[in-house]
Amino acid sequence: RCSYIEIYNENTFDLLSNDSNEILPIVEDVHRKEFFVKGVNEILVNSKKEILEILKKGEINRHYALTNLN
């Protein structure tokens, strides 16, 4: 399975979603004692090539901003 998220300005975004501007919550599963991003897409993959194609799609949806460090 492959997912691609971004944390930008303290908000979490699903870069594989059709609405990549939707802010997703990070929640805790108290029974399993772990955190996860609620609503993130997980795509079933069978090869490295498929993963690279998915990551290319996600790169298009990333947020970019100039800073003094750039």
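Which residues make a nonpolar surface patch of about 360 Å²? The legends below start with this patch. The model is predicted: local features need pLDDT of at least 70, side-chain atom pairs count only at pLDDT 80 or more, and totals for chains, interfaces and linings use all residues. Residues are numbered from 1 along each chain as its sequence is written, and side-chain values use heavy atoms, with hydrogens and water left out.

**View 1. The nonpolar patch.** Ile7, Ile26 and Phe35 make the patch of about 360 Å². Patches are made of residues with over 30% relative accessible area and no salt bridge; nonpolar side chains (Val, Leu, Ile, Met, Phe, Trp, Tyr) are joined within 5 Å, and like charges within 9 Å. Accessible areas come from the Shrake-Rupley method with a 1.4 Å probe, and for residues only the protein chains shown count as cover. Ile26 belongs to strand β4, residues 26-29. Strands (E, at least two residues) and helices (H or I, at least four) are DSSP runs, numbered from the N terminus.

**View 2. The salt bridge of Arg1 and Glu42.** The side chains of Arg1 and Glu42 form a salt bridge, at 3.4 Å from N to O. Arg1 is in the segment before β1 (5-8) and Glu42 is in the loop between β5 (34-37) and α1 (48-60), so the pair ties together parts that are 41 residues apart in sequence. A salt bridge is a side-chain nitrogen of Lys or Arg within 4 Å of a carboxyl oxygen of Asp or Glu. By this rule there are three salt bridges. Arg1 is exposed, with a relative accessible area of 72%, while Glu42 is partly exposed, at 49%. Buried means under 20% relative accessible area, exposed over 50%, and partly exposed in between (1.4 Å probe, protein chains only).

**View 3. The salt bridge of Arg32 and Glu34.** The closest N and O atoms of Arg32 and Glu34 are 3.5 Å apart, and the two residues form a salt bridge. Arg32 is exposed, with 60% relative accessibility. Glu34 is partly exposed, with 32%.

**View 4. The salt bridge of Glu59 and Arg62.** Here the side chains meet at 3.3 Å, N to O. Glu59 has 31% relative accessibility and counts as partly exposed. Arg62 is also partly exposed, at 32%.

**View 5. Asp29, a buried residue without a salt bridge.** Asp29 is in strand β4. Asp29 is buried and has no salt bridge; Arg32, the nearest side chain of opposite charge, is 4.4 Å away. For charge, Lys and Arg count as positive and Asp and Glu as negative; His and the chain ends are not counted. A polar atom of the Asp29 side chain lies 3.1 Å from the backbone nitrogen of His31. Apart from its neighbours within four places in sequence, Asp29 is in contact (heavy atoms within 4.5 Å) with Glu34 and Phe36.

View 6. Asn9 is in the loop between β1 and β2 (11-14), and Glu10 lies in the loop between β1 and β2. Asn9 has a positive phi of about 50 degrees although it is not a glycine. Glu10, a residue other than glycine, has a positive phi near 65 degrees. Asn9 is exposed at 59% relative accessibility, and Glu10 is exposed at 80%. From C-alpha to C-alpha, Asn9 and Gly58 are 18 Å apart in space, and they are 49 residues apart in sequence.

Methods. Polar contact = N/O pair within 3.5 Å; in protein donor to acceptor, adjacent residues only side chain to side chain.
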